[in-house]
Amino acid sequence: MRPVRFNIHPKEAEIADAISMGAAPEGFGGEGFFATQLSSVVGLARKNSLWPLPFATSCCGIEFMATMASHYDLSRFGSERVGFSPRQCDLLMVMGTIAKKMAPVLRQVYIQMAEPRWVIAVGACASSGGIFDSYSVLQGIDQVIPVDVYVPGCPPRPEAIIDGFMKIQDLVGQESIRRRNSEKYKALLNSYGIQ
Amino acid sequence: MALQNEYIQAQLVEKFGDQVTGFSTSTGMLAFESPKAINLKVLQFLFDEPSLGFTFLTDLCGVNYPDQVGAELVVVYHLHNLKENIRIRYSVSTSVNEPDVYTASKLFESANWMERETYDFFGINFVGHANLKRILNVDEMDYFPLRKEFPLEDQTRIDKDDEMFGRG
């Protein structure tokens, strides 16, 4: 008798069980039509197809590699493609200590990204400088670029990074399509000296 | 007969007399000092003398002793004889008000970046260095961070509660 793990006729998984559907936004539907706000549709599309740009400088980057890998699998959240060109990405994930000498580089990467763009600071160092309260370390990346979500931890576990990513998804899904043209947003960028 | 610390010391004393001082040995490594004015002569002698042959500069760094008045800054040379596998440590001290030391970069190519680093962190002015500018820190930095008079912590922070960090 053959052990179960050598079963040559495994049960086929139901393909429908493996597909996760995004929740439909609020709206009015009927037979053959569905009406909702444009911003909801745009937000739904954006939040489920974020392209992260990993800016990994230290141990938080290693945790992010675990987050991307098969066990935690960031692509379940619509980020199948991790881009390494700022011009193609819309989510800057800063993971690790940013030295003061690296700050202009990070800022340049942020400027190269096209709108709409979001930033997530992963880990204590990126959020506040962490234990490196030192002459050479930037005390939080929010000194040079605006940050949307902070993930605490030193380093945070992949679950925490995923939680931060889902917080970003919530922000993206709820964002008004006019936000990036608003005076408030322009004032925010101007406060960082970014046009 | 392998090269002995006693022999190195005797050679140095014979050449430089009472200008080389402070001979000591810790964990088998000979250390000594001299006035900063003759640092190149001493390095050149250790390099050229065939029986010594210290032709490799392992390390060059600075030290700050704020309590040694008139000799607050020290430049330390770690030299290596590759044939005999003997290492020695040589240091010169200088006043913080006039931190000029002759550059060793003409003798050792490796001294170039190490002197830039020492300048970067301690502000020691290596006279004759071809390109003495900051190497590791940001160019805008306007102080020398490893001097003891400057706090190690970043002074631009306003969000950290000093009492929580033991400096209230």
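The following conversation concerns a predicted model and the reasons for the terms used to describe it.

Colleague: Why is Val144(A) called buried?

Modeller: The relative accessible area of Val144(A) is 13%, and buried means under 20%; Val144(A) is therefore called buried. This residue is placed in the loop between helix H4 (123–128) and strand S6 (149–151) of chain A.

Colleague: Which residues does Val144(A) touch, leaving aside those up to four places away in sequence?

Modeller: Val144(A) touches Ala103(A), Leu106(A), Arg107(A), Leu138(A), Tyr192(A) and Ile194(A).

Colleague: What makes Asp73(A) partly exposed?

Modeller: Its relative accessibility is 22%. Buried would require a value under 20% and exposed a value over 50%; Asp73(A) therefore counts as partly exposed. Asp73(A) lies in the loop between helix H2 (59–68) and S4 of chain A. Its phi is near 60°, which is positive in a residue other than glycine.

Colleague: Is Asn85(B) buried or exposed, and how do you know?

Modeller: The relative accessible area of Asn85(B) is 55%, and exposed means over 50%; Asn85(B) is therefore exposed. Asn85(B) has a positive phi of about 55°, although it is not a glycine. Its place is the loop between S4 and strand S5 (86–94) of chain B.

Colleague: Why is Asn81(B) called buried?

Modeller: A relative accessible area of 5% is given for Asn81(B), and the cut-off is under 20%; Asn81(B) is therefore buried. Asn81(B) belongs to strand S4 (residues 73–81) of chain B. Beyond residues up to four places away in sequence, Asn81(B) touches Leu3(B), Leu52(B), Gly53(B), Phe54(B) and Ile86(B).

Colleague: How far is the backbone nitrogen of Glu84(B) from a polar atom of the side chain of Asn81(B)?

Modeller: The two atoms lie 3.1 Å apart. A polar contact requires atoms within 3.5 Å, and the value of 3.1 Å meets that distance limit.

Colleague: Where are the cis peptide bonds from Glu115(A) to Pro116(A) and between Cys154(A) and Pro155(A) placed in chain A?

Modeller: Pro116(A) is in the loop between H3 and S5, and omega of the bond from Glu115(A) is near -5°. Pro155(A) is found in the loop between S6 and helix H5 (158–174), and omega of the bond joining Cys154(A) to it is about -10°.

Colleague: How many residues of chain A and chain B are in contact, and what area do the chains bury?

Modeller: Ten residues of chain A are in contact with 15 residues of chain B. Between them the chains bury about 1100 Å², 48% of it on carbon and sulfur atoms. Of the area that chain A buries against chain B, Lys101(A), Asp133(A) and Tyr135(A) supply 65%, more than any other three residues. The side of chain A that touches chain B has two nonpolar, five polar and three charged residues.

Colleague: How many salt bridges and how many residue pairs in polar contact are found across this interface?

Modeller: The count of salt bridges between chain A and chain B is zero. One residue pair is in polar contact across the interface, with both residues at pLDDT 80 or more.

Definitions and conventions
Residues are numbered from 1 along each chain as its sequence is written. Chains are lettered from A and ligands numbered from 1 in the order in which they are written. This is a predicted model: local features need pLDDT of at least 70, side-chain atom pairs count only at pLDDT 80 or more; totals for chains, interfaces and linings use all residues. Side-chain values use heavy atoms; hydrogens and water are left out. Helices (H or I, at least four residues) and strands (E, at least two) are DSSP runs, numbered from the N terminus. Buried means under 20% relative accessible area, exposed over 50%, partly exposed in between (1.4 Å probe, protein chains only). Contact means heavy atoms within 4.5 Å. Buried area is the accessible area (1.4 Å probe) that two parts lose on being put together, summed over both. A salt bridge is a side-chain nitrogen of Lys or Arg within 4 Å of a carboxyl oxygen of Asp or Glu. A polar contact is a pair of N or O atoms within 3.5 Å; within protein, one must be able to donate a hydrogen and the other to accept it, and residues adjacent in sequence count only if both atoms are side-chain atoms. Ala, Val, Leu, Ile, Met, Phe, Trp, Tyr, Cys and Pro count as nonpolar, Asp, Glu, Lys and Arg as charged, and the others, Gly among them, as polar.
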